[in-house]
Amino acid sequence: MFPHLFHHWLLLVFGQFLLSLNTVVARKVSAIIVFGDSTIDTGNNNYNPSIAKANFPPYGRDFNGGVATGRFSNGRLFTDFISVAFGLPRSVPVYLGNRYTTDQLITCVSFASGGTGLDDLTAKSTLAIPMSQQLEYFKEYKEKLKLSKGESLANKTIAEALYIFSIGNNDIGVTYFLLLIRRVQYTPAQYVTYLIGLAGAAVRAAYELGARKIQLTGILPVGCVPAMRTLNLHEPGKCNEEFNQLAMRYNAELQELAGKLNEELDGVVVVYADQLYSVVSFIVANPL
């Protein structure tokens, strides 16, 4: 595929991604607040002992100044683009490291950690920040806003923010298929159900802390990431379709969860976005 057509297709996909938030953005979005794994970690792992790091080249080669910020990407992440689309800063700062002031963090902040998952075993295996701790950091962040900006403005910011969850990739791609202990405990379907229960608990915890506009992001075709293609002993270099089948099952149940949460939680708007799976599948099928 010609590069200009590929870029045009990506713009269309990104447009669809934003349209999936149309119900949420019908009202003002004051901030972008993100929880999850390496898909949206903007550098928190630089400040914790995780073995998953991205603060060295070639990461960041297309970022401002070619700096490896800790993003697991050559450039910006999808949350950075969403921030710009809502008129917020061009890049979402990390919470850890004391690099940013409260004034900078009030409009966007990432608590995400590369290598983590919904399953605590996933975070333990890479020393990443588990979801429970990310939520604790969010609670701490709220208190900092109140001290700096006053309770009224802090509560308004929290209520009008968009909360993005992007997590589950490592649970499926690493913990279930590679660590083996969960395969002994759960069938594939049972493990997905277990993860969806944890995802629901995380959203409910964020809701109790004030979140009202929430996006649940579907996971990647994890069987197609380079590491999994390398480890595919049956078809070296090919996508592992067993991994991808479980990823699709997870995404389907995550979408169902979004609907259930909308019915269960008063005043909440939860949307599901599946564009990560679509974009990566397209790239794999149409290499440049």
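So, contacts along the chain: if we take those between residues at least 6 apart in sequence, 71% of them join residues at least 24 apart. Keep in mind that this is a predicted model, so everything I mention is computed from it.

On the overall build, the protein chain has 12 helices and 5 strands. Its C-alpha trace spans about 60 × 45 × 35 Å along the principal axes. As for burial, 51% of the 288 residues count as buried. The accessible surface comes to about 13200 Å², with 58% of that belonging to carbon and sulfur atoms.

Okay, the inside. Which residues have the most contacts inside the largest nonpolar core? They're Ile33, Tyr141, Tyr163, Phe165 and Leu216, in a core of 55 residues. Helix H9, residues 188–208, gives the most to this core, with 9 residues. There's also a second, separate core of 14 residues, and Val34, Cys108, Ile164 and Leu220 are among them.

Let's stay with Tyr163 for a moment. Skipping its neighbours within four places in sequence, Tyr163 is in contact with Ile33, Phe35, Phe138 and Ile158, and also with the run Gly210, Ala211, Arg212, Lys213, Ile214 and Gln215.

Now compare Leu121, over in helix H4, residues 120–126. Not counting residues up to four places away, Leu121 touches Thr175, Leu179, Ile181 and Arg182. If you're wondering where Gln215 sits relative to Leu121, the two are 94 residues apart in sequence and 24 Å apart in space, C-alpha to C-alpha.

The peptide bond from Pro57 to Pro58 is cis, with omega near 10°, and Pro58 lies in the loop between strand S1 and helix H2. Then there's Asn98, with a positive phi near 55° even though it isn't glycine. Asn98 is in the loop between H2 and helix H3, and it's exposed, with a relative accessible area of 72%. Leu180 is another non-glycine residue with positive phi, near 75°. You'll find Leu180 in the loop between helix H7 (169–178) and helix H8 (181–185).

Note on methods
Residues numbered from 1 in each chain as written. Predicted model: local features only at pLDDT ≥ 70, side-chain atom pairs only at ≥ 80, totals over all residues. Heavy atoms only, no water. Helix = DSSP H or I, 4+ residues; strand = E, 2+ residues; numbered from the N terminus. Buried < 20%, exposed > 50% of the residue type's maximum accessible area, 1.4 Å probe, protein only. Contact = heavy atoms within 4.5 Å. Areas by Shrake-Rupley, 256 points an atom, 1.4 Å probe, with all protein chains shown as cover. Core = buried A, V, L, I, M, F, W, Y, C linked by side-chain atoms within 4.5 Å.
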